[in-house]
Amino acid sequence: MQHSDAATVDKRDAAAQTPDTALRDWPARAQGKQVSWPTVVLFLFLLALSGLVSVPAEASCERELAIVVADSAANLAARVLREEVKLRSGCRWELRTKRPPSVTGVVYVGVGQLPQTAPVTLRRILHTLPEPGPEGFRLVVRGRPVLVAAVVGADARGALYGVGRLLRKLALRPGRVEFPDSLALSTTPAHRIRGVQMTYHPTTNTYDAWVPEQFERYVRDLVLFGANSVEILGAGADGRYVGPLMKLPPEQMMVEQARILARYNLDVWLFYPNRRKSFRDPDVAAKELRARAEVFRSLPRLDHVFVPGGDPGEVPVGELFPWLDRVAEVLRRFHPKADIWVSPQNPHATSAWLDTFVQNVNRKPKWLGGVVYGPWVALPLPELRRRVRPDVPIRRYPDITHTISCQYPVPRWDVAWALTLGREPINPRPRAIKRIENVFHDLVAGGIPYSEGVNDDVNKFVWLDQAWDPKTPVLETLRDYARLFISPEWDEALAKGFLALEANWQGALLANENVETTRLQWETLEKCVPSRVRRNFRFQMGLLRALCDALVRRRLIWDTAREERALQLLRQARVLGAEAALQEAEACLLEQEADDPVRELRRRCWALGDSLFRGIGLQLSVTRYGAASRERGAFLDALDEPLNNVRWLLARFREARARPTEEERVRAIDRILHWCDPGPGGFYDDLGSWQSWTRVVAATDWWEDPGTFFTPRVSFTTGLRRDEVPWGKQRGIEGPAVRLSWWRQLTTLYRTPLRLRYANLDPHAAYRLRVNVLGRFRSRMKLVADSTWVIHDFLRRERGFLREFDVPKEATADGELLLEWTCPDGDRGAQVAEVWLIRK
């Protein structure tokens with residue numbers, strides 16, 4: 001299956017684009033680097049050997065090529081083709097209603113069928129292809145002996161998507177266009193809803209800095225990839241209304257966005273959450289309805305309104321549907337054909353809440369367009385599909401923009417990534433996104449992913465390609481993406497580069513040497529590509545991630561080594577004396593290398609961050625670029641985050657020094673050294689680490705359950721308040737005095753039990769259990785041994801996080817032990833950070 005890409009944003013190319021003048025500032029102004037010709041030749045030779053250089057079947061500069069518009073319904077598609085070719089190559093193709101005699105090649109663009117004046121051979125080939133369904137198209141290219149091509153859509157949208165597919169298969173270079181030698185296909189999208197959310201509010205990492213022209217450029221990118229929907233935010237529906245980077249007031253930008261979408265004949269979706277907890281007060285309800293009426297009245301086009309049941313929104317489910325009856329009356333006054341979609345999102349939804357929601361949906365109110373399945377839905381999607389009547393469609397609202405604390409976290413991510421790159425980094429995850437889309441593809445009518453900016457740019461286009469055809473290989477999508485967005489000369493190397501970035505995040509970081517290989521690949525590309533490619537924001541995002549990944553790994557290696565040297569010094573406390581050992585260990589932890597191993601990498605990361613902010617408004621720092629918060633994409637602020645236990649150790653050192661006698665100080669040091677020690681015959685597990693997963697019992701695996709509905713995930717938030725641990729600046733290091741093991745927890749969602757299995761226990765011994773129950777959920781948890789013996793009933797962590805319990809001897813009499821934590825109905829899930837099973 002072929003794929004369709006979108007528009008490149010090179011400064012040199014953007015200057016040729018008439019309506020999108022704002023994009024002339026998109027590319028960063030990075031200085032071009034010189035590279036020797038031997039290096040280039042050697043690199044090209046190696047790439048050719050590895051199959052990374054693709055040679056087009058035929059190359060020709062078609063300066064006298066014409067676009068023949070066979071049907072007025074194809075006018076938009078033909079105009080887009082002409083503009084995109086001019087933008088990327090400088091070639092000016094004529095628009096005609098019939099083929100002029102002087103041209104050397106022709107592209108026919110039509111709807112339904114070609115005119116009788118088209119070449120007979122071309123019409124015969126088209127007739128052999130299956131008729132496409134709604135929004136589908138047929139595409140034929142013949143490069144020899146005379147260039148002729150045809151894009152015939154089943155409808156106007158189909159013609160536009162066919163043009164997108166053609167553009168993705170062309171190699172558009174300055175001064176020339178290369179066509180594939182032969183291409184013939186007929187294709188229809190598998191899903192009828194294919195889109196992306198693009199909300200304009202202050203907490204996005206990019207969109208709030210844009211002007212309408214930049215939105216239009218990005219919308220066209222999505223259209224060329226088959227998008228037929230974009231979801232925008234209702235002005236005033238976000239609690240944080242105006243941000244410092246906004247060029248237009250939200251209500252004005254909302255209207256501009258809708259106008260842009262209408263020009264491309266796209267469905268306009270409006271995300272409009274309920275910010276009130278109740279609408280029972282008549283005055284409150286009237287005020288809110290007036291606000292919605294103003295929004296609906298101002299929009300030139302509106303097809304669907306999406307109202308989440310929660311997250312955000314806290315309206316009781318019994319009140320939600322009667323309220324939407326009233327909202328629908330207002331909506332239909334201005335947009336008679338518009339409908340409302342509603343989701344069962346609610347982090348604390350009980351079974352009764354979900355039952356009421358499904359009952360209301362199955363009544364099928366007149367305004368109901370369908371159900372949206374997004375984050376924090378306490379029903380698996382297959383179960384929701386089974387319970388909702390079959391004539392009510394379900395649309396997905398997947399979170400493809402976040403890495404942790406989200407619907408589809410990176411599986412078993414290393415804590416070093418969580419502490420530095422955080423929740424919203426540049427995150428190409430092409431293979432994961434394909435699986436996330438495919439696993440429930442047949443249950444839904446489509447999807448509009450949740451997004452907070454361009455950090456998930458690759459993910460958006462992979463998702464759209466899978467929504468069109470789930471059999472599409474990821475590598476083919478990435479080749480098209482790189483060919484059209486960045487550079488046709490380097491499409492293969494770039495595609496493999498994005499896959500390498502995804503592989504960087506797999507496995508334990510200390511052992512992942514792929515990170516350095518990926519850096520070398522991207523740096524070699526940087527030296528070899530022309531300056532227009534180096535200025536391309538999509539290239540810069542990939543390069544920045546490669547450099548940041550290498551920086552984090554080098555720092556992890558350095559910080560881990562420093563901590564180990566410090567612990568070795570503490571082990572000599574009885575010889576050196578407690579104070580001397582503490583002083584030397586502290587000096588070791590705070591040691592700074594004369595030659596900083598990441599200084600140059602850090603400088604280059606910030607330079608790329610500067611360029612991306614100037615070019616596309618990507619906010620990778622709170623202080624430097626005005627990002628809303630660190631978790632909103634500002635990962636450059638966290639590049640120097642400690643990747644060892646230095647904060648916890650320094651706090652413990654202060655406590656040890658405060659002891660009145662030498663012996664007590666030495667014993668305090670011993671407690672530091674033996675934190676993980678379960679004693680003879682015992683077991684210790686840091687449940688966020690790879691080593692401890694051998695003890696975790698999972699019902700299935702990530703491949704079958706990428707949302708971790710039935711399988712454990714690793715979470716990365718301590719959930720500690722400032723009054724629970726020392727907090728502040730210690731020797732210049734700011735933050736909570738916590739161990740790395742406290743940052744990560746084994747987590748299960750809702751009522752899925754969290755299970756650990758122990759084997760080879762002493763059947764004659766008694767055991768005691770110590771548990772660290774950190775995590776942001778603070779759920780009530782019950783612990784049962786061997787599905788029989790209750791170790792403790794439902795408890796919620798209020799203060800403190802270490803608890804100890806005796807294990808019934810009956811539970812270990814067979815030499816094995818199964819521990820099972822569960823949560824009651826309505827709680828978010830179980831979380832456990834550390835477990836000691838201590839033999840008495």
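Colleague: At roughly what angle do the axes of helix α3 and helix α6 cross?

Modeller: The model is predicted, so local features need pLDDT of at least 70 and side-chain atom pairs count only at pLDDT 80 or more, whereas totals for chains, interfaces and linings use all residues. Residues are numbered from 1 along each chain as its sequence is written, and side-chain values use heavy atoms, with hydrogens and water left out. Helices (DSSP runs of H or I, at least four residues) and strands (runs of E, at least two) are numbered from the N terminus. The axes of α3 (residues 75–89) and α6 (residues 212–224) (lines fitted to C-alpha atoms over the stretch in contact, with angles from 0 to 180 degrees between N-to-C directions) come within 13 Å, and their crossing angle is roughly 110°.

Colleague: Which residues of α6 make the contact with α3?

Modeller: The crossing is left-handed (the near helix is turned anticlockwise from the far one by less than a right angle; clockwise would be right-handed). Contact means heavy atoms within 4.5 Å. On the α3 side the residues are R79, V80, E83, E84 and L87, and on the α6 side they are R217, R220 and L224.

Colleague: How many residues apart in sequence are the parts tied together by R157 and E135?

Modeller: The side chains of R157 and E135 meet in a salt bridge, with N to O at 2.7 Å. R157 belongs to helix α5 (residues 156–169) and E135 to the loop between α4 (120–128) and β4 (137–142), so the separation of the parts is 22 residues.

Colleague: What is the phi of E135?

Modeller: Most residues other than glycine have a negative phi, and most peptide bonds are trans. E135, in the loop between α4 and β4, is not a glycine but has a positive phi of about 70°.

Colleague: What is the phi of N265?

Modeller: N265 lies in the loop between α7 (250–263) and β11 (267–271). At 33% relative accessibility, N265 counts as partly exposed. This residue other than glycine has a positive phi, with a value near 55°.

Colleague: Which residue is joined to P312 by a cis peptide bond?

Modeller: P312 is found in the loop between β12 (304–308) and α9 (317–334). With omega at about 0°, the peptide bond is cis, and the residue it joins to P312 is D311.

Colleague: How far apart are the end C-alpha atoms of helix α16?

Modeller: The expected span of a helix is 1.5 Å times one less than its number of residues. For the 14 residues of α16 (residues 491–504) the span should therefore be 20 Å, and this agrees with the distance between the end C-alpha atoms, 20 Å.

Colleague: How many residues of α16 are buried?

Modeller: The buried residues of α16 include L494, F498 and L501. The helix is mostly covered: of its 14 residues, the number buried is twelve.

Colleague: What distance separates the C-alpha atoms of Y481 and L494?

Modeller: Y481 lies in helix α15 (residues 474–485) and is buried at 2% relative accessible area. Y481 and L494 are 13 residues apart along the chain, and their C-alpha atoms are separated by 9.2 Å.

Colleague: What is the relative accessible area of S229?

Modeller: S229 lies in strand β10 (residues 229–233). Leaving aside neighbours within four places in sequence, its contacts include I193, R194, W269 and I448. S229 is buried, and its relative accessible area is 1%.

Technical notes: Buried means under 20% relative accessible area, exposed over 50%, partly exposed in between (1.4 Å probe, protein chains only). A salt bridge is a side-chain nitrogen of Lys or Arg within 4 Å of a carboxyl oxygen of Asp or Glu.
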